[in-house]
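Please consult the sequence and the coordinates shown here while reading.

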Amino acid sequence: MDEHIDPLIIGDDLRTREAHLHIWSEVVDGLNEGIVVTGLDGTILDCNPAFERITGYSRAEVLGLNPRILKSGRHDAVFYAALWDALVTRGSWVGELWNRRKDGEIYPERLALRAVRGADGLPSHYVGMFSDISREKQDQARLDYLTHHDALTGFANRKLFMERLEQAIECADAGEGKAAVLLLDLDRFRRVNESLGQGAGDRLLQVMAERIAGCLKRRSSLARLGSDEFLVQITEFTDTDALAALAQRILDEIARPVPLDGQTLHMSASLGISVHPQDGGDAQHLLQAAAAARAQIRHGLGNRLHFFTAGMDTRARRWIAVESELRHALARGELQLYYQPMVCVRDGRVRTVEALLRWNSPILGWVSPAEFIPVAEESELIVTIGDWVLETACRQVRHWQDTGLPPVRVAVNVSAHQLASGRLPERVREVLERTGIDPGQLEIELTESAMMTDSEHSARQVETISRLGVSISLDDFGTGYSSLAYLSRFALTKLKIDRSFVDGLARDPKSSIIVDATLGLARGLGLRVVAEGVETEEQRALLAAAGCDALQGYLFSPPVAPAALGALINRFAPAERYAIPRVVSIGA
Ligand code: C2E
Ligand code: CA
Ligand code: CA
């Protein structure tokens, strides 16, 4: 069989030709694509039903007209000139363009134009085949919207925000306007999610987004970064005072009570501010500076705002370095616990030791916990590190016990984040179970600010832990709010007078008044009192006379590695009373 024979035009008789035309016209009529045939001058000679459907013009209406009746006005003369040029010189043009329907609606179409050649090989007609791509465009626009907006609040996302910020910075550099960034996050948002459910958390975020937007001249300057972080771009402001005032207005709005699911929530936020160009030359650096400013805000009560300040850049860089190294510190075994004894005033014995983190980083060297704990708190690494501290300290106590050391209790520092997470009581219970130590051998040290953060929730957590038989001590007393009335609400057993008061004891009469008052109050509440940072014999004598129960400080011992503790306890307890079998080695 001849493979070049078209089955439709086999034979030469009229009936077969008619059948052929009929089939093709059926095909053309049934197409979803519009088809239009014009003469070389552009006059419309024919079109199919899809053309009528898409353009709204009937076939009868357009025959003899020029397709320019469909022009939308969205393309300039250059566009059409290029189209005609391609059609005439190459015989085809393919592209997208905007056209206008009969009812005036403008729509996008994808169009393929082709010159049809006659028997002489010269162009005789043009055929245009097009489809309406409005749906496609809408989907694309929607996709575009989604990639640039936060689905929950409908405000910009990080990507769009950064694009706009770059533009604002360019304008500012060109002398048109200014650029500043406010970065804020809600305090304790996770608690809302955990206690009221994610649905409530989502609604809270929507309410907060609207409140923040309400403070702004343009809604487009607000973005949500994810979770509970919001970014605001400010391009019109007179000076930093005006910025601070705006920031304060936002914080006030956030602080207004929120009715949610039959409850009333009281929220607060931390806010960092950075200003172009002094705090950052581009969007990325400006954002980093705002984050660094915000990181300066210690967790506490109420709203806080902080400007990026000179020198913070170095601090911010150091902060970022510490954070990135700290992420691996635990897994790489760079963290250690040292232990510092508390010496009983009455008999000189050591019954409790405080576990203190030590970090020797191969990159940064020794980093003080006073520096890396705030970083850990900000990045929430503190929860993993805190779990490790708790476990390691308890295992150490178990190990000392197994090697025959007189029983010691270990005091573990716990941060506000760990308490706020709501998981602490369960962690403590698990660790006690795993290590098999007596709950009385564990003490948790909490600061006032940790307890004051959402105090009702904190009080419940503390209560649960204390019911396990673990004692709770209030750390750094005197440095925070020192709200004495609060103390009675918590299940406390011990109070630690901060180093700063001990330090001022001999010089500053106010310090000794505070120490005396604290001791009186503590006794009234049935609390034991420990003074920390005791460095001199004079301080020891004053504190002992004032009635402190135990003392801690360099005068007795700095924090030491666990292996050295046996000898230490030995030093503070008469050797004959305790058999210390051998130098204790760590097997933590
Ligand atoms: P803190 O709980 O108040 O711990 C006491 C700090 O005072 C320790 O500093 C200790 O080394 C130091 N110190 C002890 N005796 C003296 C003294 O006589 N004079 C002076 N000048 N200082 C003395 P360190 O180890 O640098 O810890 C600093 C802070 O870091 C701690 O303060 C605590 O808030 C935090 N921290 C340490 N370890 C942990 C931990 O495991 N978890 C948490 N959440 N925080 C920790
Ligand atoms: Ca402590
Ligand atoms: Ca302390």
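In a salt bridge, defined as a side-chain nitrogen of Lys or Arg within 4 Å of a carboxyl oxygen of Asp or Glu, the side chains of glutamate 236 and lysine 217 meet at 3.7 Å, N to O. Glutamate 236 lies in the loop between β8 (229–234) and α9 (240–255) and lysine 217 in the loop between α8 and β7 (222–226), so the pair ties together parts that are 19 residues apart in sequence; helices (H or I, at least four residues) and strands (E, at least two) are DSSP runs, numbered from the N terminus. Glutamate 236 is partly exposed at 42% relative accessibility, whereas lysine 217, at 69%, is exposed, where buried means under 20% relative accessible area, exposed over 50%, and partly exposed in between (1.4 Å probe, protein chains only).

## Basis of the model

The model is predicted, and local features need pLDDT of at least 70, side-chain atom pairs count only at pLDDT 80 or more, and totals for chains, interfaces and linings use all residues. Residues are numbered from 1 along each chain as its sequence is written, chains are lettered from A and ligands numbered from 1 in the order in which they are written, and side-chain values use heavy atoms, with hydrogens and water left out.

## Other salt bridges

Over the whole structure, a search finds 34 salt bridges. One of them joins the side chains of aspartate 261 and arginine 203 at 2.9 Å, N to O, and links distant parts of the chain, 58 residues apart: aspartate 261 sits in the loop between β9 (258–260) and β10 (263–265), and arginine 203 in helix α8 (residues 198–214). Aspartate 261 is partly exposed, with a relative accessible area of 46%, and arginine 203 is also partly exposed, at 37%.

Another salt bridge brings together glutamate 105 and arginine 101, with 3.1 Å from N to O; here glutamate 105 is partly exposed at 41% relative accessibility, while arginine 101 is buried at 12%.

## Surroundings of ligand 1

Ligand 1 is surrounded by 22 residues, of which the closest are Gln340, Arg358, Arg499, Glu535 and Tyr554, a residue being counted as near if one of its heavy atoms lies within 4 Å of the molecule. A nitrogen atom of the ligand is 2.5 Å from an N or O atom in the side chain of glutamate 535, and an oxygen atom of ligand 1 lies 2.6 Å from a polar side-chain atom of arginine 499.

## Backbone geometry

Most residues other than glycine have a negative phi, and most peptide bonds are trans. Arginine 188, although not a glycine, has a positive phi of about 60°; arginine 188 lies in the loop between β6 (180–186) and α7 (189–196) and is partly exposed at 24% relative accessibility. Aspartate 476, likewise not a glycine, has a positive phi of about 55° and is found in strand β18 (residues 471–477).

The peptide bond from histidine 276 to proline 277 is cis, with omega near 0°, and proline 277 is found in the loop between β11 (269–275) and α10 (283–295).

Terms used: A polar contact is a pair of N or O atoms within 3.5 Å; within protein, one must be able to donate a hydrogen and the other to accept it, and residues adjacent in sequence count only if both atoms are side-chain atoms.
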